[in-house]
Each structure stands twice: as structure tokens, then as C-alpha cells.
Amino acid sequence: MKLLTSILFVGWTANNSYGFAPVTPLRRITAIASQKVDLDLEARSSDKTRYCIPLDEIDLNDLPKVGGKTASLGEMIQQLTPLGVAVPGGFGVTSAAYDAVLDRFQLRERLELLLRDVDVNNLDDLANRGRQARLMIMNAGLPEEVIQEVEDAYGDMCLCNLHSCGKDCAVAVRSSATAEDLPTASFAGQQASFLNVVGKNSVANTVLECLASVFTDRAIAYRVHNGFDHMAVKGAVSVQLMVRSDLASSGVAFTLDPDTGFRDAIVITGSYGLGESVVGGKVDPDEIQVFKPMIGKVEDPIIKRSIGRKQTKIVYTKDGSDKRIKTLLTPEADAAKPCFTDEDAKTIAEWCLKIEEHYSKHHGHPTPMDIEWAKDGVTGELFIVQARPETVRSAQKANVLKQTQVTGHGEPVMTGSAIGSDAASGVVRVIRDVSEIATMKAGEILCADMTDPDWVPGIRLASAVVTNRGGRTCHAAIVSRELGVPCIVGTKDATEKLKTGERYTVDCSQGFTGYVYPGEAHIERTSTDTDNLPKTKTKIKLILGDPDSALSLAGLPVDGVGLVRQEFVVANHIGIHPKAVLHPELVSPIDQDIINDRAKNDESPKAFFIRRLSEGIGSIAAAFYPRPVIVRLSDFKSNEYRRLIGGENFEPDEENPMIGLRGASRYLSPDFRDAFELECEALAHVRNKMGLTNVQLMVPFCRTPDEGRKVIEILKENGLEKGKDGLKVWVMCELPSNVFAIDEFAQVFDGFSIGSNDLTQLILGVDRDSGLLANLFDEDNTAVKTAITQAIKGAHRNNKEIGLCGQAPSDKPDFASFLVDLGIDSISLTPDSVLQAIDIVSKAEMKDSLEKEIGDVISLEKAKDKEGAKKVGCVII
């Protein structure tokens with residue numbers, strides 16, 4: 001029965017943990033009977049609809065007639081709702097309706113003539129012609145037969161739905177052009193969308209506005225720049241039941257990191273109210289990152305959480321005005337809290353994964369997705385309301401490593417969320433209203449409170465974009481990525497601090513945070529095909545301390561992370577002394593207020609510390625999973641600990657903190673053991689609850705093997721048992737005692753990492769922080785190299801892996817050759833040194849190999865000259 005199908009997309013019932021699924025035919029019949037529906041509707045719907053098609057009868061094969069957005073909705077309803085993904089129903093208005101409009105009054109020919117020689121770089125000309133084109137369509141109007149079908153389809157939709165039966169229902173009316181949401185061209189935000197449309201007349205009128213929006217200024221320019229024929233792109237419309245997210249929250253999710261292209265993260269952003277707040281960049285949203293490989297497998301697959309300011313929210317109007325929606329200020333107490341829960345995020349992530357898997361299978365290749373979600377404030381259920389292929393990062397070659405380095409700059413004027421990974425310099429143009437966009441000149445930095453699709457022509461001219469508001473999934477971010485324009489959003493006050501006519505540098509090359517520097521800095525770009533890099537026997541690893549940069553570095557051709565400086569994570573992402581969260585009553589009232597404010601969304605300051613540390617370590621571990629990530633346990637000195645909030649209340653005064661209470665001795669101290677156990681709890685969470693078992697541990701400044709055994713016992717007591725689930729525990733080889741007693745240390749630990757800085761300091765008796773003795777600090781010193789030689793030979797004598805952390809191998813090719821000749825297993829360096837180190841180590845290995853071959857040949861010749869040459873142990877080549 002056709003009527004039953006028409007009810008399918010508006011009736012829903014909760015039947016599993018994922019939310020809503022279509023109601024059964026029996027339930028549909030019951031709903032129809034209870035409303036005494038005129039069964040003549042069945043006869044009316046028996047013929048194939050020409051202008052309107054229910055979403056549950058549409059799939060991706062229908063894209064040419066219903067457009068990308070509508071085809072995707074229908075595909076999800078047909079294929080993914082059986083898998084638990086909830087998608088609100090509705091109907092599509094086909095491109096046949098658009099053709100019917102253009103067939104009136106020779107409109108097609110007139111539009112073609114109007115746009116034949118449009119100059120999209122002349123913003124005044126573009127605006128004038130776009131306005132004329134839209135007016136021509138609005139004046140032509142919808143043919144009567146189209147109006148009738150739209151009104152009938154809407155009436156069917158309102159028979160029974162999520163929120164009411166027999167009443168006019170609220171719908172979202174969105175453009176869905178036939179070239180929109182393609183895997184290669186997004187057309188994101190190019191055409192119109194309308195929310196909270198109620199009543200058949202309003203729906204029909206809004207459908208016409210959507211068809212006219214095929215000729216918005218931004219859509220015209222987009223087609224010209226991307227080589228689409230204006231008349232070949234046809235308008236279509238999706239009409240979808242509204243989710244009452246005005247009473248809850250909504251947002252956007254990407255199935256890759258949109259700025260780094262990292263494929264194993266799902267990035268979810270959200271804010272209160274209707275989704276336009278996030279998409280339109282009106283707010284700084286909350287953000288959660290979920291690690292794909294662990295979704296549905298572990299207790300906590302979330303690797304990062306951040307709370308945005310969520311300044312405003314968009315809600316339904318109830319005052320009888322002509323406006324359907326309005327913007328309100330978000331109450332301060334609400335803005336300070338997350339707008340969606342961890343459980344919401346896990347459900348959204350599970351759905352996103354299913355959506356990506358389905359579309360990847362359909363297209364025959366991996367297809368990351370850009371997905372919009374909404375939470376219904378009436379029912380409390382989650383829904384997916386749109387899904388389209390991501391077209392920027394997913395189109396970039398995985399084996400090409402692009403890097404940008406900015407040097408020669410001063411202190412930043414401001415910071416915000418970095419979009420992309422490039423940088424640009426230029427003169428700023430502060431624009432406070434889109435009407436001023438025509439004043440933009442090519443190469444200027446566009447500075448605005450926020451942008452929307454009407455700003456696209458200006459963004460095209462810009463060398464960079466800076467906004468007060470917005471998050472990583474807002475309009476300015478999406479368009480800037482697509483155009484390859486560096487962008488910083490969420491700066492709070494860029495339009496006040498930056499001045500039109502002054503020159504600045506916008507730097508998005510340093511990870512999550514973007515920086516605006518005064519003046520013109522030096523920008524250097526490199527592009528490396530990693531497939532052409534030499535392969536080294538010696539493992540090349542990273543030294544890291546900043547979780548925000550981890551995803552951007554995941555593509556480096558390294559064998560993992562040889563050193564995570566955990567104290568950097570504590571200092572920069574927590575900032576509080578661990579004892580202060582355990583004993584807040586012992587810190588000053590001022591520090592208590594700071595601690596309580598930072599921990600306001602957690603159960604306690606202790607829970608805050610554990611969460612932030614586990615997210616920091618987890619972000620790095622996820623970025624390089626399953627490659628090993630060696631986390632050095634905290635190695636603050638007492639003077640450094642004292643700088644943390646509350647630290648002065650707990651730290652001793654030491655004459656020489658560098659060789660004082662640090663490393664293993666601190667963990668074993670009765671005064672600080674509980675602080676170490678707090679650290680252990682966070683690391684256990686990363687391995688046991690986040691599933692990131694590629695995390696290995698390393699004990700710093702371990703003076704004796706007995707200290708090492710005691711630390712390992714404490715680790716075991718706190719859920720970090722050496723050997724369990726592959727957990728390795730390494731030790732820093734940075735003390736003379738580590739070298740001289742390496743056979744004993746090898747009985748305690750799984751491996752060694754030479755800390756060349758501390759080892760040089762303690763072998764030579766030189767304070768590495770002293771400028772007065774800087775000329776004496778040298779890893780090339782004979783005594784230091786002798787110690788390193790003994791350490792490497794000792795580790796290998798005990799079948800233990802040994803590496804070195806430090807810059808010397810990349811700064812001094814001879815030092816790299818020295819390490820390679822000794823057979824060191826790995827070298828860990830800072831990210832900016834990796835490519836250079838690969839080249840240096842590769843050459844050193846080739847030289848070493850050649851020298852060995854020559855040596856073998858010489859040995860063979862000597863052996864032949866001696867009686868009993870067969871007894872000579874040599875390799876014959």
C-alpha cells in the first residue's frame with residue numbers, strides 16, 4: 001500500500017539502544033485508523049510521484065533527480081536505520097520541479113544569457129546578476145501541479161510524527177542541488193536552508209526560495225571556480241521533520257580530523273539549540289574526539305574533550321512574528337557546561353562509523369564523512385540529520401608530507417583554533433558586515449566577527465581569515481579548508497585588536513592552536529614524498545610533549561614516539577600540582593578558586609587531573625597507534641614543580657634540584673608517593689580503559705636497580721603490571737650508575753633510552769642550564785662517547801633494546817655515524833629534525849655497511865696468505 005510507505009518516514013518508535021527505528025506496518029495502520037485518515041489518499045498516492053518522493057523510496061542512485069543531500073538522507077533511511085542509526089523522515093522535491101519552473105516564461109534561456117559572461121571576481125557585478133536571477137525565479141513561481149504535490153506530501157508527513165499527530169508539523173527545508181555533496185565537490189552552504197517551517201503554504205513558498213538559491217552569489221562563484229555549467233546544475237529540495245534540538249543541542253561530526261586529515265579520529269562538535277549555531281560559526285562549540293579503532297571495544301574511546309563558550313543558541317520563535325527562529329544569549333551557567341554527554345558522543349561516533357563504512361563500501365574506496373547530528377529536547381533521542389562526503393582532506397595524497405615553518409616573528413597578538421596547517425602574511429581588512437565584502441582586495445587577511453555563506457567571494461580573495469567566533473566545523477573553517485586558505489577561528493576579539501591596513505602573519509602550522517603575529521614573518525614550505533625516503537635499519541622516533549600537535553605529526557615516517565615528556569603535558573594542559581588536587585585544603589584560597597574553576601565540570605579536582613592527563617597521553621598514543629609510544633614518567637625538578645598552581649605549598653627548597661628529589665626517588669618518597677599514584681591512575685586509564693596498549697613506560701633518573709624494582713612494584717599495585725598486555729617498562733640511561741651497572745639494570749627493565757643531556761652533564765660535571773659553561777657541554781666529548789659506547793654494548797649484551805633521545809644525531813652527522821656504528825636500535829628527535837635525521841642516518845648506515853664489506857674483503861685476503869685460513873672466522877662475499 002502506497003499510503004503505508006508515506007507514513008514510514010514520519011512514524012518512529014524506540015526499539016533499541018541506538019534510538020529510533022521506523023515503526024512497523026501494524027503500528028502505521030493503527031496510527032492511520034486512530035486519525036480517521038481519508039483513505040482516498042491511497043488512490044492519490046498510487047501513481048508514481050513526479051515532483052515529490054518520500055525519503056524512504058530514495059537512495060544514492062537517485063542523486064541526479066533529487067540532489068546529493070536528499071539522496072543521502074534516503075540512503076541512510078533505507079540502509080542504516082536497520083542498523084540503529086536514527087534519521088528523521090520526510091520527502092524530496094525533485095529536479096523535475098526545478099525544470100518545471102525554468103520552463104516557464106523562457107526562464108532557462110534568460111538565465112543562461114544573464115550569467116554567460118558573469119565576472120565572479122567583480123563582487124558588485126556578481127551580486128547584481130545573482131539578485132536578478134533569484135528574482136526571476138521567484139517571480140515565475142511554482143506551477144500549480146508542483147504546489148499541489150508539495151502540499152500533499154507535507155500533509156501526509158504531518159499525519160503522525162515524532163511530536164504530534166494531525167497537526168501542521170515543523171520541518172527543515174533545505175536545498176539539495178544535483179551537484180551538491182558529491183565526493184569531489186561539497187557545495188557546502190552554497191544554497192539556502194530554512195528551519196522550523198510550519199504550514200503547507202509556507203512549505204511551498206520555502207521550496208521556491210530554495211530553488212531560487214541555486215543562483216546565490218556564492219553558488220554562482222563556486223560553479224565558475226569548479227568548472228560546473230550553471231544550467232547543468234539543477235535545484236532540488238529536501239523536506240525533513242525537525243528535531244527539537246532548540247530544546248537540547250546539535251552539531252557536526254567529521255569521520256577524520258578535518259585539519260590534519262588523520263583518519264582514525266571522529267571529531268564531534270556541538271552547541272545548544274539548532275545546528276546553525278555551529279555550522280554558521282556563531283559560537284565556539286564544545287568538541288570531543290573519539291578514537292575510531294576503539295569504538296565499541298573499550299570503556300572510554302574518547303581521547304579529547306574541550307568546552308567551548310557557546311555564546312548564543314538558536315531556538316523556535318513563539319511570539320507570533322514572521323520569523324521562524326531567533327537567537328538568544330546562552331545563560332552563563334549553561335555555557336560553562338558541556339552541551340552533550342560522553343554517552344551521546346559515543347553513540348554519535350558509533351553511528352558515524354557505520355555511516356562511513358556504508359558510504360565507503362558504496363563508493364568502492366574510503367570515504368570520510370561530514371555529518372550533522374541533533375538531540376531532541378522533547379524525547380531525549382539523538383538523530384543524524386545530514387551526511388555528505390568530506391572533500392578536502394580526504395582528497396589529499398597520503399604519501400605526500402607538506403610542512404610549513406614560520407620563523408622570524410615576535411610574540412603573538414592573539415591565538416585561536418587553527419584551521420589547516422599553512423600560514424600567510426598580508427594586510428588586514430576588518431569587515432563588520434557582509435555588505436562591505438566588495439572592499440576586499442586580493443591577498444588581504446579577512447578579519448570578521450564570523451562568516452556565513454554570503455562571505456565566500458571575499459574568502460576567495462583572502463590570503464587568510466581570522467574570526468572572533470566559531471569552531472573547527474563552522475562555515476569559515478569548512479570553506480577555508482576547501483579553498484586552502486589559512487584560518488583562525490574563536491579568537492574572541494580579533495576585530496578589535498587587528499587594524500585595517502596593518503600587516504600581520506597568520507600561522508596555522510603548529511597544531512591545534514593558531515597564532516597571529518605582528519608584521520611579516522618568514523614562511524617556508526616543503527613537500528616530501530615519503531615513498532621516496534630511504535629506509536633505515538635504525539628506528540627513527542619522535543620526542544613529543546604537546547598533545548595538540550600529535551595528530552598533525554602522525555603522518556611523519558617514524559617508528560613511534562621514543563619519548564613523551566609527561567611533565568610538559570602536566571604543565572601545559574593541567575597546570576596544577578598533583579598534591580594540590582589531592583589536598584586542596586593545604587593550598588591558598590586563591591589557588592583553591594583556580595583549581596575549582598578548572599575542575600568545575602568534573603567530579604572533583606582529582607578527577608580533573610586524571611582526565612586531562614589521560615587525554616593528553618591518549619591523544620599522542622592514538623595518533624601513532626599501534627606504533628609504540630614510550631611515556632616517560634614525570635621528571636619535574638622541585639623548582640619546576642613549585643611553579644605549578646599550589647606547588648609552593650608542597651615542594652622542598654633544594655640547592656641543586658637538577659640532582660635532587662626527582663625521578664624514581666620522588667616516586668618512592670613518602671611525601672610524594674600519592675602524587676605518583678595519581679599519575680599511575682591516569683596512565684592505567686589510557687591503557688586499560690582507552691585501550692591504547694601501545695603506551696609503554698619509562699622511569700627517569702633511576703639511581704639504583706633497587707629503586708627501579710620498587711617503582712615497578714608501585715606500578716603493578718596501580719594497574720600497570722610489567723609484562724601484562726604487552727606493557728614494557730624502560731629506564732632512562734642518563735646517570736653514570738646506569739652505565740656502570742647496566743647489567744644489573746637490565747635485570748629490572750625492558751629497555752634503555754640514553755638521555756644525552758643529563759648523561760653529558762653528569763659525566764662532565766657541567767650544569768646544562770649554565771650559560772657560563774655552555775662551551776664545555778659537548779656530547780662529542782671522549783668521556784661521554786665512551787659512556788655511550790659502554791651503555792649500548794651493555795644493553796645488547798643483555799639482549800635489551802637501547803635508543804638515544806637528543807638532537808646531536810641530526811645536528812652532527814659524525815655523531816650519527818658513531819651511534820650507527822655501535823648498532824644503536826633507535827634515535828628519537830624533535831619533529832622538525834626527523835627528515836634530516838633519516839637522511840643522515842641512512843648515509844651513516846650505507847657508510848658503515850660499505851666499511852664492513854671492505855673490512856671483510858681485507859680479512860679474507862689476509863686469511864688466504866696464512867696457513868690454516870679455513871679456521872679464520874670471516875664472511876665471504
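E496 forms a salt bridge with R432, and the closest N and O atoms of the pair are 3.5 Å apart. A salt bridge here is a side-chain nitrogen of Lys or Arg within 4 Å of a carboxyl oxygen of Asp or Glu. E496 lies in helix α16 (residues 494–497) and R432 in the loop between β18 (423–430) and β19 (445–448), so the pair ties together parts that are 64 residues apart in sequence. R432 counts as exposed, at 54% relative accessibility; buried means under 20% relative accessible area, exposed over 50% and partly exposed in between, with a 1.4 Å probe and protein chains only. Helices (H or I, at least four residues) and strands (E, at least two) are DSSP runs, numbered from the N terminus.

The model is predicted: local features need pLDDT of at least 70 and side-chain atom pairs count only at pLDDT 80 or more, while totals for chains, interfaces and linings use all residues. Residues are numbered from 1 along each chain as its sequence is written, and side-chain values use heavy atoms, with hydrogens and water left out.

**Salt bridges**

The structure holds 54 salt bridges. In general, side chains of opposite charge can pair when their charged atoms come close. Three of these pairs are listed below.

| Pair | N to O distance |
|---|---|
| E496 and R432 | 3.5 Å |
| E520 and R503 | 3.6 Å |
| E717 and R673 | 2.7 Å |

The side chains of E520 and R503 meet in a salt bridge. E520 lies in the loop between β23 (513–518) and β24 (522–529), and R503 in strand β22 (residues 503–507), so this pair ties together parts that are 17 residues apart in sequence. E520 is exposed at 55% relative accessibility, whereas R503 is partly exposed, with a relative accessible area of 38%.

E717 forms a salt bridge with R673. This pair links distant parts of the chain, with E717 in helix α25 (residues 705–717) and R673 in helix α24 (residues 673–689), 44 residues apart. R673 counts as partly exposed, at 30% relative accessibility. Elsewhere, salt bridges that share partners join D300, R305, D342, D602, R611 and E615 into one network.

**The barrel**

A closed barrel of 7 strands runs β17-β21-β20-β19-β18-β22-β23, with mixed pairing; two strands pair if DSSP finds at least two bridges between them. Neighbouring strands of this sheet are turned by 35° against each other on average, direction ignored. Axes are lines fitted to C-alpha atoms, for helices over the stretch in contact, and angles run from 0 to 180 degrees between N-to-C directions. Helix α15 (residues 475–483) packs on the sheet, touching β17 (414–419), β20 and β21, and its direction makes about 170° with that of β21. Contact means heavy atoms within 4.5 Å. Strands β20 (residues 464–467) and β21 (residues 487–489) pair in the parallel sense over 2 bridges, and V466 has I488 as its bridge partner in β21.

**Strand β27 and its neighbours**

Strand β27 (residues 629–632) is covered on both faces: V629 and V631 on one side, and I630 and R632 on the other, are all buried. In a regular strand the side chains alternate between the two faces of the sheet. β27 runs parallel to strand β26 (residues 561–565), to which 3 bridges join it; V564 has V631 as its bridge partner in β27. A further 4 bridges join β27 to strand β28 (residues 695–699), again in parallel, and V629 is partnered by V695 in β28.

**Nonpolar cores**

The largest nonpolar core has 101 residues, and those with the most contacts inside it are F624 and I788. Such a core is a set of buried Ala, Val, Leu, Ile, Met, Phe, Trp, Tyr and Cys residues joined through side-chain atoms within 4.5 Å. Helix α21 (residues 605–624) gives the most to this core, with 10 residues. Leaving aside neighbours within four places in sequence, F624 is in contact with residues including L542, L544, V561, V629 and N694. A second, separate core of 91 residues includes A204, F215, C339 and A349.

α25 has 13 residues and reaches 19 Å from its first C-alpha to its last, close to the 18 Å expected at 1.5 Å a residue; the expected span is 1.5 Å times one less than the number of residues. Buried residues of α25 include P705, G708, V711 and L715. The buried residues of this helix pack against α23 (664–668), α24, β28, β29 (729–733) and α27 (742–745). G719, whose phi is positive, near 85°, follows α25.

H358 is found in helix α13 (residues 342–363). H358 is buried, with a relative accessible area of 18%, and touches E75, Q79 and L80, not counting residues up to four places away in sequence.
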